[in-house]
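Walk me through this protein chain.

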Amino acid sequence: MEEKVQILQCQNQMIRIYDRLLIVVGNHGVGKTNFLHSIIDGTYRLKDEYQVVSLLLTESTSLIRNLLIQLFQEESQWDEKYSLYIQNHFSQNNATQILSRIATAHDLLEANSRNLLSLKRWILIRMLLDVSEVQHRMIVIDEPELAAHPLIVREICALLNQLKEKGNIIVVATNSEEVVSRLFVDIEQVIRLEKGKKIIQANAEVLVKEIQSFYYQDPYLLRRFSSSNQLDIGLNNVVSQYIRIYLSSVLCKEIFMIMHADRMILGEGSSEDVLFDYIDQVIHPEWMRENKVHYMGCLGKSTMPFYFLFFNHLGIQTVCLFDADNDMNLVHVAYANAFQNYENEHKSLFTRMVLDPDLEHVLQIVPDYKLLAMEKPINIYQYTFATNAIKEKVCELANLMKLMFDGMEKEK
């Protein structure tokens, strides 16, 4: 049985490739393409022997032609396959137009126009997929989304997944949230490059132990909020067995932004979701963008530790909006104490923010009756987007979080 984790190594640096996929993200200019070249030239190596296949847009036409000749031995084979792919995957009218513009595969490979780049790589990937049933290659591809129609991007991602399932290793550098979300299935599969050749990658084994240690410090952390005596079987099962699966599933649509963020704001529920849309769009859009601050909502108090422990594991400064709204409930108290203990031990990365007793009280928009859960975001929306009635209060809240981030920066 094939191992799930393979190690890509360069001297003393090791990168884990989980389930034959590695996605490389990072800001422009940090060296994503150079990292791919270091795999192609053998600076980074796998223990097992894999044939490295390069699909970088910066490569010369001769290198791509050599790849095709290597796959199909004779030029006539890939000449014929090119025309066949065009005819099979486009309507008759479109195929005729394409073939009239590009008479042979040679013309396609020589073409420099950007609107043909994605088509060229799409055909190359399909050719790789069809070479044999059992394949043992490391396919390195840079920005599959570049110059591609969104439907072509989806098709390329689907083909890369098929190549992975056939036993190939896929290494992709991308600036596309769409590409990441369509390929990503596990928290170890995305690495973030930073200037100075720094590589940030989750280590799932270490993270699982950190999360289990947090929850097991107090038996009340595994109990329902509605009753301090009732064990939450579902939460207990997640903590004991499924932490990695849980994080990978709930972070699928957020992992791209998380890996680009220097600072995270974690909200407890839907009220915070509305509030931070308002802050990001109206109050502090420049501050959030310029400081790489990303907001993420979670599924209540009981799941918040999963998220902020993951952020801290990656070295991302985090402000956590935690409602200390029931000091008579032993479960609420246990979570508040656990947050405080973790903050005391990790001052340089994590600072919690207790909304006492809750967000509505802090913003002074508490109605005369107790709000249902579904009414809370409506209440926040009414006073923010709809009327701007509490703009000054929201500004105070946003500035307070800015001060907290600045304070964490000084403690580094």
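**Backbone, fold and aromatic interior**

Pro-357 sits in the loop between β13 (350–355) and α17 (359–362). Helices (H or I, at least four residues) and strands (E, at least two) are DSSP runs, numbered from the N terminus. The peptide bond that leads from Asp-356 into Pro-357 is cis, with omega near 0 degrees. Most peptide bonds are trans, and most residues other than glycine have a negative phi.

This is a predicted model, in which local features need pLDDT of at least 70, side-chain atom pairs count only at pLDDT 80 or more, and totals for chains, interfaces and linings use all residues. Residues are numbered from 1 along each chain as its sequence is written, and side-chain values use heavy atoms, with hydrogens and water left out.

Lys-292 is not a glycine, yet its phi is positive, at about 50 degrees. Lys-292 lies in the loop between α14 (285–290) and β11 (293–297). Its relative accessibility is 31%, so Lys-292 counts as partly exposed. The classes are buried (under 20% relative accessible area), exposed (over 50%) and partly exposed (in between), with a 1.4 Å probe and protein chains only. Gln-364 also is not a glycine and has a positive phi, of about 60 degrees. Gln-364 belongs to the loop between α17 and α18 (376–386). Gln-364 is exposed because its relative accessible area is 60%.

Now the whole chain. The protein chain has 19 helices and 13 strands. Of its 412 residues, 51% are buried. Contact means heavy atoms within 4.5 Å. Among contacts between residues at least 6 apart in sequence, 73% join residues at least 24 apart. The accessible surface comes to about 19900 Å², and carbon and sulfur atoms hold 49% of it. Such areas come from the Shrake-Rupley method with a 1.4 Å probe; for residues, only the protein chains shown count as cover.

How confident is the predictor in the protein chain, by mean pLDDT? The mean is 85, and 83% of the residues reach 70 or more. pLDDT is the predictor's confidence in each residue, from 0 to 100. Confidence is highest in strand β3 (residues 21–25), at a mean of 98, and lowest in helix α5 (residues 105–110), at 44. Over residues 102–113 the pLDDT is below 50, and this stretch has 25 contacts in the model beyond near neighbours in sequence.

Turn to the rings. A search of the whole structure finds 19 aromatic pairs. Phe-214 and Tyr-215 have ring centres 5.7 Å apart and planes at 75 degrees, so this pair is edge-to-face. Rings of Phe, Tyr and Trp (its six-membered ring) pair if their centres lie within 6.5 Å; planes under 30 degrees apart count as stacked, over 60 as edge-to-face and the rest as tilted. Phe-214 is buried because its relative accessible area is 4%. Tyr-215 has 0% relative accessibility, so Tyr-215 is buried as well.

Tyr-215 also pairs with Phe-306, in a tilted arrangement: 5.2 Å centre to centre, with 45 degrees between the planes. This pair links distant parts of the chain, with Tyr-215 in helix α9 (residues 204–216) and Phe-306 in helix α15 (residues 304–313), 91 residues apart. One aromatic cluster takes in Phe-214, Tyr-215 and Phe-306, and its members also include Tyr-246, Phe-322 and Phe-350.

Charges meet rings too. Lys-301 lies over the face of Phe-322, 5.5 Å from the ring centre. Arg-244 lies over the face of Tyr-18, at 4.0 Å from the ring centre. The criterion is NZ of Lys or CZ of Arg within 6 Å of the ring centre and within 35 degrees of the ring normal.

What about the nonpolar interior? A nonpolar core is a set of buried Ala, Val, Leu, Ile, Met, Phe, Trp, Tyr and Cys residues joined through side-chain atoms within 4.5 Å. The largest nonpolar core has 74 residues, and Tyr-215, Phe-306 and Phe-310 touch the most other members. Apart from it lies another core, of 27 residues, among them Tyr-278 and Met-404.

Phe-310 leads on to Ile-258. Leaving aside neighbours within four places in sequence, Phe-310 is in contact with residues including Ile-187, Leu-247 and Ile-258. Ile-258 lies in helix α12 (residues 255–260). Ile-258 is buried because its relative accessibility is 0%. Ile-258 and His-294 are 36 residues apart in sequence and 7.1 Å apart in space, C-alpha to C-alpha.
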